[in-house]
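The sequence and the structure come first.

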Amino acid sequence: MSDKMAKPDKDLLKIIEDSHEKYRFIAENSLDYIWILDKDGNHVYISPSIKQLRGFTPEEGLKEKVEDSMTKESFEKLQIAIKKSEEQQKLGVKEYTNTLEIQHTCKDGSLVWVESILKGIYNKEGKTIGILGISRNIDERKKAELALKENESKFSTLLSNLPGMAYICLNDPNCTMKFISKGCFDLTEYLPSDFIDNKNLTFKSIIHADDQEHITKTIQKTNINQKSYTLQYRIITKSKKIKWVWEQGVAIFNKDGKIEILEGMIIDISKQKEIERSLKESEEKYRKLIENSLQGLYILKDSKIHFCNKKMANIFGYNSAEEINGLNIIELVHESSLETVLYNIKKRIDEKQKITHYNFLAKKKNGEIIEIETLGSIILLDGEPAIQGVLKDVTQQKAAEERLRKLSQAVEQSPTSIVITDLKGIIEYVNPYFIDLTEYTAEEAIGKSTNILKSNHTPNEVYKDLWTTITSGKEWVGEILNRKKSGELYWESVKIAPIKDSNGIITHFVGIKDDITEQKRIQNELILTKEKAIESDNLKTSFLANMSHEIRTPMNAIMGFSSLLSDDSLTFEERNEFIQLINSNSNTLLNLIDDIIDIAKIEAGQLNVTNKDFDINELLSEINTIYQEINTKQNEDSIKLIWDKNETDNISVISTDPHRLKQVLSNLIENAIKYTQEGEIHFGYKVLKNINIGEKTKKLQFYVRDTGIGIPQNKLNVVFDRFRQADDSHTRIFGGTGLGLAISKNIAQLLGGDINVVSMENKGSVFYFTIPIIDKSNKLRKGKRPKINYNEINWSDKTVLIAEDVESNFYLLETLLKRTKINIIWSNNGEKAVKEFQQNKNIDLILMDMQMPIMNGFEATKIIKEMNKDLPILAVTAFALAGDKEKIIASGCNDYISKPIKSDELIFKINKFI
């Protein structure tokens with residue numbers, strides 16, 4: 001059909017106009033929906049009844065496309081019908097009509113079923129020019145038909161799923177079947193069609209001959225007041241198998257009161273019949289089992305013993321069941337359990353609880369009290385509720401259970417690990433402590449060998465001895481190092497004993513094990529502590545001896561040569577040599593004190609570093625100059641000290657702590673000189689790039705390589721320990737306190753690096769000292785401190801107040817300052833220094849000792865600064881611990897100088913302030 005509206009055929013319009021007046025009244029008032037389509041399938045007329053049927057007006061209907069007025073399936077039906085009408089017209093059939101059921105769409109979107117009669121409209125030449133349709137509402141009928149089909153389908157499904165078969169048959173001698181459900185095949189192995197109207201055989205023919213008469217009599221006895229009947233009989237299937245069936249039917253009577261039709265169900269009860277037969281056959285067996293049962297069996301009705309077996313009578317001290325049959329159960333119950341027994345009987349009789357299981361105390365015939373365990377359920381006896389059950393005497397069992405409970409509780413709560421295994425060592429039981437200790441759950445351990453705990457640290461001989469001992473029936477005691485699930489090792493004190501049966505045969509092994517890991521640890525710690533104490537005592541003895549030697553040696557030289565200086569007979573060269581020796585030994589003693597102070601700082605965690613920008617090559621040049629002179633004096637030409645100048649790495653100014661860096665390098669070079677008898681000592685550095693630290697950070701690796709005595713391999717791990725040397729004996733050739741390398745390692749770590757050694761005995765050593773540094777080579781280098789020319793200094797117009805309580809220290813300061821012609825005032829405590837300042841307004845600078853009697857330098861500085869904040873005060877201190885500088889500056893001092901005082905440094909710092 002065309003999608004566009006076409007103009008109707010002129011002939012069709014003429015026919016409609018001619019008949020309009022004639023049929024207008026019928027069409028306008030008809031309840032049927034009348035419509036006309038032209039040959040292109042467009043509406044050209046619609047009757048007003050479209051409003052009642054579909055909700056549209058005729059005008060709205062004329063504008064609607066035919067395919068939109070009905071469902072897709074209905075439109076397809078209409079197209080087929082129109083095509084068929086055209087085919088009939090071609091065949092010469094002029095009055096052909098077609099009837100079809102279609103679904104129209106309503107204005108509200110719903111659907112309505114209609115029955116439409118279609119008839120062709122022809123022109124004078126007999127050609128089809130349109131289609132006349134008359135549609136009648138059949139929606140209710142259609143819905144009823146669909147519902148009926150659905151019900152029929154449900155009924156058919158229900159019958160198909162019913163066990164057995166449903167039937168309708170005539171009440172005649174052959175049981176002529178009129179209907180049989182599909183279950184017929186499963187029941188008889190015949191198809192329903194075989195029986196309908198006795199087509200292939202009669203249903204009576206498959207009924208067992210011995211049961212036919214009984215069936216007929218039962219059905220015929222059915223009367224109009226009791227229409228239903230029930231039967232049990234046998235049938236013979238197609239495969240000649242005999243089946244028992246159960247039939248329930250209803251008789252339908254005619255108006256004469258005679259049975260006309262039978263309707264019913266037949267199901268297979270062969271299995272039930274087999275069960276009934278088996279029950280009958282076994283009834284006698286069960287009776288004998290009851291009589292010979294080892295437990296008491298009973299039936300109670302109205303709380304009285306209706307039945308019991310002999311075992312129950314014996315439990316209560318009677319010889320036969322007849323003696324207690326008829327007794328009220330209360331007569332056998334102890335007073336303390338009466339309430340419990342009556343309560344449980346009532347619960348079952350009232351059907352609140354069909355089965356009860358409980359214990360109660362009972363009285364035997366002789367008055368003995370026993371404990372009974374019973375299990376009973378509700379039954380019907382002669383149509384009335386009764387209780388049947390079983391009971392047994394559990395007096396001895398309960399006593400044994402109580403003993404077992406106590407034993408089990410002791411095992412479960414034991415603070416030791418308990419394991420039971422079979423004869424092959426397969427675990428059968430573990431207590432909770434075992435689980436907590438080993439980290440294995442019971443499920444993980446049970447069924448596994450005890451080897452799951454094996455650590456492979458206990459010698460195999462121990463296990464061999466263990467198994468030899470316990471398999472011979474003896475107890476084994478020992479200690480084993482085992483392994484937990486996590487891999488952690490632990491020690492156990494183990495006692496393993498065999499378990500024997502009543503015949504003395506070993507059936508299992510039980511292990512009782514105590515965790516002694518902590519005891520072992522304490523024991524080992526005590527041994528280690530003892531060893532360390534011995535070692536510490538040895539080290540202390542060695543250290544004290546060394547310290548005594550190292551202190552007394554320079555002191556002996558200082559005191560000896562100092563006493564010789566007073567000899568007027570000494571030449572100038574001898575006096576100058578003695579002074580040099582005194583200075584050299586003083587420096588040695590000062591270095592020793594510095595080492596002791598540094599160790600104290602390290603112990604207190606107060607050894608700090610201060611980063612500065614400085615020229616690394618100048619520092620190494622300074623070190624080289626110092627130790628070239630020292631090496632020449634000590635070794636003459638036997639050892640060459642060589643500075644490997646770094647000319648490949650473009651680096652000069654770096655940022656780190658120059659004092660500490662110099663301290664480490666000096667110590668390493670001193671050691672190299674000390675432990676090298678001949679050959680060469682090289683020192684220098686190279687730049688290492690370390691991508692793990694950062695893109696802008698480099699590492700400097702310093703080295704000191706010698707051809708000295710080297711270090712034994714077993715001493716490489718201790719040379720960095722404090723108070724330790726490669727040779728710790730009192731007879732060692734080389735001196736020293738053993739502090740230098742320990743201090744150097746701590747300084748290296750404070751600087752962010754580390755120190756290590758590679759050495760071979762009698763071949764020499766190489767010490768590597770590596771630190772991260774920041775390259776400041778691109779910055780301007782600071783100028784050197786100018787060399788002081790004392791001849792150019794004239795401070796005769798200046799006055800300095802020296803606050804110092806130690807007279808010798810004052811004389812030293814006075815001697816150092818005399819060359820400057822400065823005026824000097826001395827106060828031997830802080831209080832006098834404050835008074836002197838108040839009385840003398842010409843003081844230009846104060847040298848303040850920080851530790852003095854009466855009033856210390858901190859307090860004096862604070863008071864003086866409150867009076868004149870611009871007066872420069874230079875602290876003179878022997879303090880050397882972390883935080884001293886900060887504390888001194890915080891007190892008001894402008895700067896400080898540490899003891900021992902160096903002349904150039906003192907003059908340089910005073911010159912900054914006056």
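## Burial and model basis

A residue is called buried under 20% relative accessible area, exposed over 50% and partly exposed in between, with a 1.4 Å probe and protein chains only. Phe767 is buried by this rule, with a relative accessible area of 8%.

The model is predicted: local features need pLDDT of at least 70, side-chain atom pairs count only at pLDDT 80 or more, and totals for chains, interfaces and linings use all residues. Residues are numbered from 1 along each chain as its sequence is written, and side-chain values use heavy atoms, with hydrogens and water left out.

## Confidence

pLDDT is the predictor's confidence in each residue, on a scale from 0 to 100. Its mean over the chain is 83, and 85% of the residues reach 70 or more. Residues 1-6 stay under 50, and the model gives them 17 contacts beyond four places in sequence; a contact means heavy atoms within 4.5 Å. The stretch 728-735 is also below 50 in pLDDT, with 18 contacts beyond near neighbours in sequence.

## Aromatic pairs

Rings of Phe, Tyr and Trp (its six-membered ring) pair if their centres lie within 6.5 Å; planes under 30 degrees apart count as stacked, over 60 as edge-to-face and the rest as tilted. Phe720 lies in the loop between strand 25 (698-706) and helix 20 (740-750), and Phe767 in strand 27 (residues 764-775), so the pair ties together parts 47 residues apart in sequence. Helices (H or I, at least four residues) and strands (E, at least two) are DSSP runs, numbered from the N terminus.

Ring pairs also join Phe203 with Tyr190 and Phe195 in a cluster.

Phe720 is buried at 13% relative accessible area. The charged end of Lys745 sits over its ring, 5.1 Å from the centre. A charge sits over a ring if NZ of Lys or CZ of Arg is within 6 Å of the ring centre and within 35 degrees of the ring normal. Lys484 likewise lies over the face of Tyr490, at 5.8 Å from the ring centre.

Two strands pair if DSSP finds at least two bridges between them. Five strands form an open sheet in the order 17-16-20-19-18, with antiparallel pairing. Strand 17 (427-430) and strand 18 (476-483) are the edges, each pairing on one side only. On average, neighbouring strands are turned by 30 degrees against each other, direction ignored. Axes are lines fitted to C-alpha atoms, for helices over the stretch in contact, and angles run from 0 to 180 degrees between N-to-C directions.

Strand 16 (residues 417-421) is joined to strand 17 by three bridges, and Ile420 has Tyr429 as its bridge partner. Helix 15 (residues 460-471) lies across strand 18, strand 19 (489-500) and strand 20 (506-515), at about 135 degrees to strand 18.
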